[in-house]
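Welcome! Please take a look at the sequence and the 3D structure below, and then read on for a short tour.

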Amino acid sequence: MNNSEAKSAIFASIRQNLAASLPFDAAHHAHHAPKDSTFTTPVLPELSTENLIENFRKNLESVGGNFSIVYDESEAAEILLMMIGEKKARKIAVSDSPLVEKIVGFLKMDAEFIENASADRLFECDLGITGAQWAIAETGTLVLESESERHRLASLVPPVHVCILEAGQIRQTLGEILELVQQSLSRTITFITGASRTSDIELTLAIGVHGPGELIVILIDKTEEAEN
Amino acid sequence: MEHLTAETFDQNARAALADTQLRGALKNLAVTFGERRQAAIATVENWEDLRERARSIKDETLAHLDKYLTDFADNAEKAGAQIHWARDGREACAIVLELLKERDATKIVKSKSMATEEIHLNAALEKTGIDPVETDLGEWIIQLAGETPSHIVVPAIHKTKGQIADLFVEKVGIEKSDDVDVLTKTARRILRTRFAEAEVGISGVNFGVAETGTILILENEGNIRLTTSLPKTHIALMGIEKVVPRFTDLDVFLKLLPRSGTGQRLTTYQSLITGTKRNATDEGPAEVHIILMDNGRSRMLAHPTTRQSLACIRCGACLNACPVYQQIGGHAYGSVYPGPIGAVITPQLVGIGKTKQLPFASSLCGACREVCPVKIDIPELLLHLRAEIAEGVTETSTHKFSEKLAFGFYSFAWSRPEFYKLGTKISRLLQKFVAKDGKIGKTSGFLAKLAPPLGAWTAWRDAPTVAPKSFREIWKSDLENK
Ligand code: SF4
């Protein structure tokens, strides 16, 4: 396959066709030019951490996510223990996030925690635990960067995904987050908003088609006395 | 694609109309997605500004497509992706086949991609004995049924859960159940075994960022994440029009696409992939191949009217809003891309000669233009294509000229309602002028020249459309007002 030949042909065609369009462009532009000057990004008020948490919670819950707030890691571990018990999870896939490692370290139980599981083993896991690098309050979204955490499969393959988040990681808008993640541009950046879903059969919502059917976020808020 | 003749379109449309189940499903689609979309766009204050912004980003990109495409390819390569160029579908299929052959790969998982549908990649693979597995639930259903998608977002919208249940009983041997959860879990269970063994994952691309070489893929199910992270090799097929200049441009498109398509603020998952993994022990495929495909796209750059087709982000909103699509569904269009956007891009992709009926399969009501997140003026495009058809089928140059003129100003007037009144005045002047010129005869002569396109229009008026105002009515009242 001669790739450079195809490439040159495509570029020649692009340039030739754009040139052919020139005589028509001005007239068309006069009628159809986008009114770009009207575009302004709405200026948002600076939100307090409390507001950000509240917005995040509200929007996460609106897409079916489950939310708990705790003061510190050991409390996060207690909640996690309860959840693992409730789900009767025996095999648990964990990411390599130091926060997750620390919290899992608190757990005294006989479930098996598997870091860096192979695909085969992952398919046997009944719960996955990851951290996240950022969260978007306006959409209830978790943002995971591959350079910070090996996140892709533990957050996706098991039927339940538990994500441990810290209050300082929340930003209000998608726009802010895009600017942040661009700085260190990980090989894979994943946005997660709610559980895996489909409406492919008669537009009826079904949860957990390929990814987890349940998304649980445990937020650690050390900034102030979190109400409980 | 098959030749779409007046007869086949007519047959398809009539069959669809007689299918009450299908029409029920389409009604459900229009109402459900219409309402969800309305609710979702109400969650942003500056919806109209976002549409303008998106369109101006697309216009900027397309006007300098050579530059942005070069940047995209260079940056993706720098990050470790391998770039391939395909002039047409045949070349794109050949590249995929070559990549599979070199890797001796036969176990392929695919995620939903209109571009791969467009080039009939599955058929090309099957010819060589490779059976790629579609992993999007809707796509898998129609693959099992041996059908084609009838909607670009919900491919199996034409099937009932009863039909899907029967299909699963027959093809995967489950006990019959029409519980959607049971059907969904069945797909999960079976497709997981396919994912576990897959050697190559094939996906599409929603956006490619020139500045960073990043590809962005949106989804709800999670199968795209699996397709792009489990197999050793990831092949992404991307139309050359999918480029956007800057990483932060994604903000605008991520606000528009899910809201317009499924009425979500964001789809469940977005994967932003830049090149290959940086350490051998990291998660993800060892190789990423991006095939940049033209397949008729660069041709559309040749005129600002046709160029806007390339701004399409495949959200499906124009299908859901279209009174014709709502009545006849996707298959009647006889092409991979149905609905209003299909009626304009299919003739441009496969050649207008094969698809003459498509630009007439519309009532020009403008609902598509209203909902389009990137403000594509589909009615203007339809008229542009009709004018091209009129030009092509008419013999004499005077015919050609008068038709082009009539269509030209009509197209202009229709696409700019505020100019419509002005247009009618011009039309009267034009008629007088033409009559005086004597070549064409009296005013009736001028109107006679309109017969072919008007004839085509009126012929299609018995297609199931619900135009608020027909072309004919407008012409009639215009004549009466004289
Ligand atoms: S033409 Fe507009 S509304 Fe239709 S699919 Fe494309 S972007 Fe969506």
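## Where the two chains meet

Between chain B and chain A there are 41 residue pairs in polar contact, both residues being at pLDDT 80 or more; a polar contact is a pair of N or O atoms within 3.5 Å, where within protein one must be able to donate a hydrogen and the other to accept it, and residues adjacent in sequence count only if both atoms are side-chain atoms. On the side of chain B that touches chain A, helix H10 (residues 180-197) of chain B provides the largest share, 10 residues. By class, that side of chain B has 43 nonpolar, 30 polar and 33 charged residues. Here Ala, Val, Leu, Ile, Met, Phe, Trp, Tyr, Cys and Pro count as nonpolar, Asp, Glu, Lys and Arg as charged, and the others, Gly among them, as polar.

A word on the basis: this is a predicted model, in which local features need pLDDT of at least 70 and side-chain atom pairs count only at pLDDT 80 or more, while totals for chains, interfaces and linings use all residues. Residues are numbered from 1 along each chain as its sequence is written, chains are lettered from A and ligands numbered from 1 in the order in which they are written, and side-chain values use heavy atoms, with hydrogens and water left out.

Chain B brings 106 residues to the contact and chain A brings 77 residues, contact meaning heavy atoms within 4.5 Å. Together the two chains bury about 7,900 Å², 58% of it on carbon and sulfur atoms; buried area is the accessible area (1.4 Å probe) that two parts lose on being put together, summed over both.

Four salt bridges cross this interface, each a side-chain nitrogen of Lys or Arg within 4 Å of a carboxyl oxygen of Asp or Glu. Two of them are listed here.

| Salt bridge | N to O distance |
|---|---|
| Asp25(A) and Arg307(B) | 3.2 Å |
| Arg278(B) and Glu147(A) | 3.5 Å |

Arg278(B) sits in the loop between S9 and strand S10 (287-293) of chain B, and Glu147(A) in the loop between strand S6 (141-145) and strand S7 (160-166) of chain A, so the pair joins two chains.

The chains also share an open sheet of eight strands with mixed pairing, in the order S8(A)-S5(A)-S6(A)-S9(A)-S9(B)-S6(B)-S5(B)-S8(B). Helices (H or I, at least four residues) and strands (E, at least two) are DSSP runs, numbered from the N terminus, and two strands pair if DSSP finds at least two bridges between them. Strand S9 (residues 188-192) of chain A runs antiparallel to strand S9 (residues 269-274) of chain B, joined by five bridges. Within that pairing, Thr188(A) has Ile273(B) as its bridge partner.
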